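Hi there,

I'm passing a structure on to you, and it is pasted in just below. Have a look at it first, then read on for what turned up.

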Amino acid sequence: MASSLTAGPRPGIDLRAYACGLVRAARVAVAGPMRMTPGDGHRGGMIEVHELTKRYGDKTAVDGLTFTVRPGQVTGFLGPNGAGKTTTLRMILGLDTPTSGGATVGGVRFADHSRGLRHVGALLDAHHVHPGRSAEAHLRALARSNGIPARRVGEVLEEVGLTEAARRRVGGFSLGMKQRLGIATALLGDPPVLMFDEPINGMDPEGVMWVRRLFRRLASEGRTVFLSSHLMTEMENTADQLVVIGRGRLVAAEPVRDFAARSTRRSVLVRTPQAAELTAVLLAAGAEVEPDGHAGSEGLSVTGLPAERIGALAFDNRVMLHELTTRSASLEEAFMELTADSVEYLAGQSR
Ligand SMILES: Nc1ncnc2c1ncn2[C@@H]1O[C@H](COP(=O)(O)OP(=O)(O)OP(=O)(O)O)[C@@H](O)[C@H]1O
């Protein structure tokens, strides 16, 4: 593991695209189909982040992060606003220099890939496309300057559903369409590693379904798919693995189901036509009881007592029950709970 990444442009990066502001961080792979054998594919696509740290003055944006992102899976990169996700992605891509630590893609620092653009496609900011250009012209320029065959432009436009809008100026695109164009840009070079920063932002429900299917397919082709979000719900149905950070620090790196299971909060949903009576009994037994809005006027959400004990107390007190269900916290709740101490801004107040 190299200890640091150096700043500045890398060999193989389209400097004109950078200079013109055509892309901020969408580094696309050079032409040719992805070549992945079972052996080198897994090596080629692994993202390894080691003790990665970034300080801006006395502000530590990323704090000793170590994690691995594997090929063949969708990995969600989750954290509240300001947690350090974008900064981390930028350091993996060599766009920012770490204060210490480092990151490699396929065992090599991104900067040291002799043909770096062949390896990683990334979308960091969908707005960074020249508004006066058409989607097609934008992609053509990138394809030309990166030695990618022109036919890829039509292929990726079709892939993201922008064929009809290909000749329209990007300035008139909705955010969802810009996201699609950013995804097309990342796919242009058919890279084995894909990184997206908040790709679902601004997409309508149909777009969200589409992008989920796309990410899953890209992962099933053996690619590494790493996407950031500040919303757990976005990852719940998309990701296999999670890397969760808060205030620049690692909170969890594990399969989605393990993350959900780690949540300590369990509650019991009780439905009873004698809600007031049962509430008094449960409070006296030391439970916490709240009305459960989703279960109507009969619904109570009880924490602090197991379902068996609640059932026994109801029986002893001649309270009729219509439902008694143990519930694990939702993934969103698990996420909120685990990152509660690391949220940078609460109700607009800096902590
Ligand atoms: N260039 C910079 N100079 C100073 N502080 C910065 C800079 N870039 C990021 N930061 C700070 O570093 C922290 C992490 O920011 P970052 O954008 O990486 O978070 P994020 O998890 O991507 O947040 P969001 O979900 O809101 O995009 C924030 O407190 C941010 O204000």
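Let's start with the ligand: α3 gives the largest share of the shell around it, three residues. Helices here are DSSP runs of H or I with at least four residues, strands are runs of E with at least two, and both are numbered from the N terminus.

Before going further, two notes on the source. This is a predicted model, where local features need pLDDT of at least 70 and side-chain atom pairs count only at pLDDT 80 or more, while totals for chains, interfaces and linings use all residues. Residues are numbered from 1 along each chain as its sequence is written.

Back to the ligand. Of the 13 residues around the ligand, the ones that come nearest are Tyr 56, Ala 61, Asn 81, Thr 86 and Thr 87. What classes of residue does the shell have? Seven are polar, three nonpolar and three charged. Here Ala, Val, Leu, Ile, Met, Phe, Trp, Tyr, Cys and Pro count as nonpolar, Asp, Glu, Lys and Arg as charged, and the others, Gly among them, as polar.

Next, the sheet that β2 belongs to. It is an open sheet of four strands in the order β2-β1-β4-β5, with antiparallel pairing; two strands pair if DSSP finds at least two bridges between them. β2 (59-69) and β5 (108-109) are at the edges with a single partner strand each, so one side of each has no neighbour in the sheet. Seven bridges join β1 (residues 47-56) to β2 in the antiparallel sense, and Arg 55 has Thr 60 in β2 as its bridge partner. Helix α3 (residues 85-92) packs on this sheet and touches β1, β2 and β4 (100-105). Contact means C-beta atoms, placed from the backbone, within 7 Å.

There is also an open sheet of six strands, ordered β6-β7-β8-β3-β9-β10, and its pairing is mixed. Its edge strands, β6 (120-123) and β10 (249-255), each pair on one side only. Strands β3 (residues 73-78) and β8 (residues 224-229) pair in the parallel sense over six bridges, with Val 74 standing opposite Val 225 in β8.

Finally, the protein chain as a whole has twelve helices and 16 strands.

Enjoy exploring!

Technical notes. Contact = placed C-beta atoms within 7 Å. Axes fitted to C-alpha atoms, helices over the stretch in contact; angles between N-to-C directions. Near = placed C-beta within 6 Å.
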